[in-house]
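Colleague: I would like to learn how to read a structure like this one. Could you walk me through it?

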Amino acid sequence: MNKQKFFIRLYSARKLYSSEERIIFEDALINLQGIILIDDICELCKIFCDDTEDEEMMFGLIHLIEQCKGQEYLRCIAKFSPNMTEAHDWAMILNKRILNSQNYFEQYAEIIVDLESNYQTSIIELLMDVKNDNPKMFGEKVDYILEKVNG
């Protein structure tokens with residue numbers, strides 16, 4: 001079975017309302033372990049759903065995405081996470097995890113600075129939501145990125 005079929009299964013079961021949906025979702029996650037590429041991140045971001053019954057399973061999707069690493073991973077998160085309209089909370093979680101990463105925070109700031117203006121505007125709006133959600137934890141980091149962008 002190709003990856004696209006597993007993406008479709010994840011998407012169709014993403015609300016995780018029933019035990020059947022949980023089984024389908026978990027099976028797809030297991031089958032995608034170790035084969036996710038940077039090019040898959042956009043599709044995976046579409047699967048997140050704030051209206052899910054099992055947040056722990058949804059964290060499995062985060063861990064799947066985080067198998068990708070490096071600057072291209074960060075660029076994809078900056079470009080695609082603001083478009084997660086049905087999963088704004090999960091988009092914030094993805095970004096909070098990057099902001100909390102010693103390895104990635106500085107790189108993420110540089111990537112955001114270099115983004116095309118439409119992507120930059122979208123990620124800044126999302127990061128402002130992250131900041132407003134927890135100013136003590138993320139205020140300084142988001143302000144640092146804003147300073148770099150406004151340079």
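Modeller: Gladly; we will start with the whole chain and then turn to single residues. Please keep in mind that this is a predicted model.

Colleague: How many helices and strands are there in the protein chain?

Modeller: The protein chain has 9 helices and 0 strands. Read from the N terminus, its elements run α-α-α-α-α-α-α-α-α. The radius of gyration is 16 Å, close to the 15 Å that the globule rule gives for 151 residues, so the chain is as compact as a globular protein of that length.

Colleague: What does the C-alpha trace span along its principal axes?

Modeller: About 50 × 25 × 25 Å.

Colleague: And what share of the residues counts as buried?

Modeller: Of the 151 residues, 44% are counted as buried.

Colleague: How many positive and negative side chains does the protein chain have?

Modeller: There are 16 positive and 27 negative side chains, and the centres of these two sets lie 2 Å apart.

Colleague: Which residues of α8 are buried?

Modeller: An α-helix has 3.6 residues a turn, so residues three or four places apart point the same way. In α8 the buried residues are Q120, I123, I124, L126, L127, V130 and K131. They pack against α5 (70-80), α6 (88-99), α7 (105-114) and α9 (135-150).

Colleague: Why does Q120 count as buried?

Modeller: The cut-off for buried is under 20% relative accessible area. Q120 has 15% relative accessibility, so Q120 counts as buried. Beyond its neighbours within four places in sequence, Q120 is in contact with I112, V113, L115 and V149.

Colleague: Is K96 buried or exposed?

Modeller: K96, which sits in helix α6, is buried, with a relative accessible area of 18%. Setting aside residues up to four places away in sequence, K96 touches V130, D133 and F138. Of these, V130 is also one of the buried residues of α8.

Colleague: Where is Q33, and what does Q33 touch?

Modeller: Q33 is in the loop between α2 (19-32) and α3 (41-45). At 41% relative accessibility, Q33 counts as partly exposed. Q33 touches L64 and Q67, again leaving out residues up to four places away in sequence. For a sense of distance, Q33 and E106 are 73 residues apart in sequence, and their C-alpha atoms are 28 Å apart in space.

Colleague: One last feature, please. What is the phi of L16?

Modeller: First the general idea: most residues other than glycine have a negative phi. L16 is not a glycine, yet has a positive phi of about 55°. L16 is found in the loop between α1 (3-13) and α2, and is buried, with a relative accessible area of 0%.

Colleague: Thank you, now I can find my way from the whole chain to a single residue.

Terms used. Residues numbered from 1 in each chain as written. Predicted model: local features only at pLDDT ≥ 70, side-chain atom pairs only at ≥ 80, totals over all residues. Heavy atoms only, no water. Helix = DSSP H or I, 4+ residues; strand = E, 2+ residues; numbered from the N terminus. Rg over C-alpha atoms; globule rule 2.2 N^0.38 Å. Buried < 20%, exposed > 50% of the residue type's maximum accessible area, 1.4 Å probe, protein only. Lys, Arg positive; Asp, Glu negative; His and termini not counted. Charge placed at Lys NZ, Arg CZ, Asp CG, Glu CD. Contact = heavy atoms within 4.5 Å.
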